[in-house]
Amino acid sequence: MRPVRFNIHPKEAKLETAVSMAEAPNGYSGEGFFTAKLSDVVGLARKNSLWPLPFATSCCGIEFMATAAAHYDLARFGAERMAFTPRQCDLMMVMGTISKKMAPVVKQVYMQMAEPRWVIAVGACASSGGIFDTYSVLQGIDQVVPVDVYVPGCPPRPEAILDGFMRIQDLVANESIRRRNSEQYKALMESYGIE
Amino acid sequence: MSLTNDRIKERLIEKFGASVSGFEELYGLLSFEAPKEMNLKVLQFLFDDDELKFRFLTDLCAVNYPDDKGRELAVVYHLHNLVDNIRLRFKVFTDIEQPDVFTASKLFSSANWMERETYDFFGVNFIGHPNLKRILNVDEMDYFPLRKEYPLEDQTRIDKDDAMFGRGGTIV
């Protein structure tokens, strides 16, 4: 007998087990109402609908293509909507060697993104310059933009990129909705000369 | 009869006498040098001569020989005769203190970007070049990175152990 799906699964699929649902935040519920912290609800909505901006310059970008394709499927995390305009995106994924000549481009793309925005540096080159310890290569994109998550590897496997993405989701879910207005955040932006 | 390296050498000596020198044949590739003031005369002759017909500039680059005083920078022209399928290398040497060489961009349009690249990395000043500015490196760069006096590694890093990464001093 061929091991087709219905040999090992019941013919009547249970919808509630087949669909992945986001867990409700902590709160109080009663008949007809539910109360929770606003930041939790906002975080829940944001983290399950991150729009990535792939900034892929080399081999890490190829790993990202695998990550976004059917087998590893970044869409499971609500991030299937890649956009190639920074104005619509929440998450800049910098993957690959950034030369010094490219650095202003990275910064400009970051500045074109609307708040709230996150940055993930994928791979050794984006994180630290990697093996390219040379005059022409930027030694880590954190010299020009603030980075939230670094994914090590040369290049990292798609699982590692997914892990980095899930850590971004954790950051997004737990971020205070006031963070982007805080003094510390302003000081951080000023230290990069942004706004 | 197709063109041979010996015939090219003969033609060059016939035309320029003792000015062309340093003939050598490495792996069958003819190579020679001339004073830098004569680079355009030699290139023009190689281009125009009905027998030589070196009308394609494959590559143009520079080499830094820091120990060769007064001849620290070599500008190397790789030429190709597409009719007889023969290549040659032609070098001119210049002092690094005054790295002025006449531009070949009037003769070969392809020399335009290659001379900009050579300027970018070695600081060779191509006299008469229409747009001599950096092409690959950032505009703000204030040195010529492929000259041997500059280390390869990025000098802005402070978080790498110099001894382990071969930057700065010697490994003890």
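Good morning. I begin with Val42(B): leaving aside neighbours within four places in sequence, Val42(B) is in contact with Leu12(B), Phe16(B), Val20(B), Phe32(B), Ala34(B) and Phe90(B). Contact here means heavy atoms within 4.5 Å.

This is a predicted model, in which local features need pLDDT of at least 70 and side-chain atom pairs count only at pLDDT 80 or more, while totals for chains, interfaces and linings use all residues. Residues are numbered from 1 along each chain as its sequence is written, chains are lettered from A and ligands numbered from 1 in the order in which they are written, and side-chain values use heavy atoms, with hydrogens and water left out.

Val42(B) and Tyr77(B) have the most contacts inside the largest nonpolar core, which has 39 residues. Such a core is a set of buried Ala, Val, Leu, Ile, Met, Phe, Trp, Tyr and Cys residues joined through side-chain atoms within 4.5 Å. Buried means under 20% relative accessible area, exposed over 50%, and partly exposed in between, with a 1.4 Å probe and protein chains only. A second, separate core of 24 residues includes Val119(A), Leu138(A), Val144(A) and Ile194(A).

Let me turn to the aromatic rings. Phe32(B) is buried, at a relative accessible area of 1%. Ring pairs join Phe32(B) to a cluster with Phe23(B), Tyr77(B) and Phe90(B). Rings of Phe, Tyr and Trp (its six-membered ring) pair if their centres lie within 6.5 Å; planes under 30 degrees apart count as stacked, over 60 as edge-to-face and the rest as tilted. The count over all chains comes to ten aromatic pairs. One of them, Phe23(B) with Phe32(B), is stacked, with 5.4 Å centre to centre and 20° between the planes.

Now to chain A. Strands are DSSP runs (E, at least two residues), as helices are (H or I, at least four), numbered from the N terminus; two strands pair if DSSP finds at least two bridges between them. Strand 5 (residues 118-122) of chain A pairs with strand 6 of chain A over three bridges, and Ala121(A) stands opposite Tyr150(A).

Finally, strand 1 and strand 2 of chain A form a hairpin with two residues between them. In its turn, Gly32(A) has a positive phi of about 85°.
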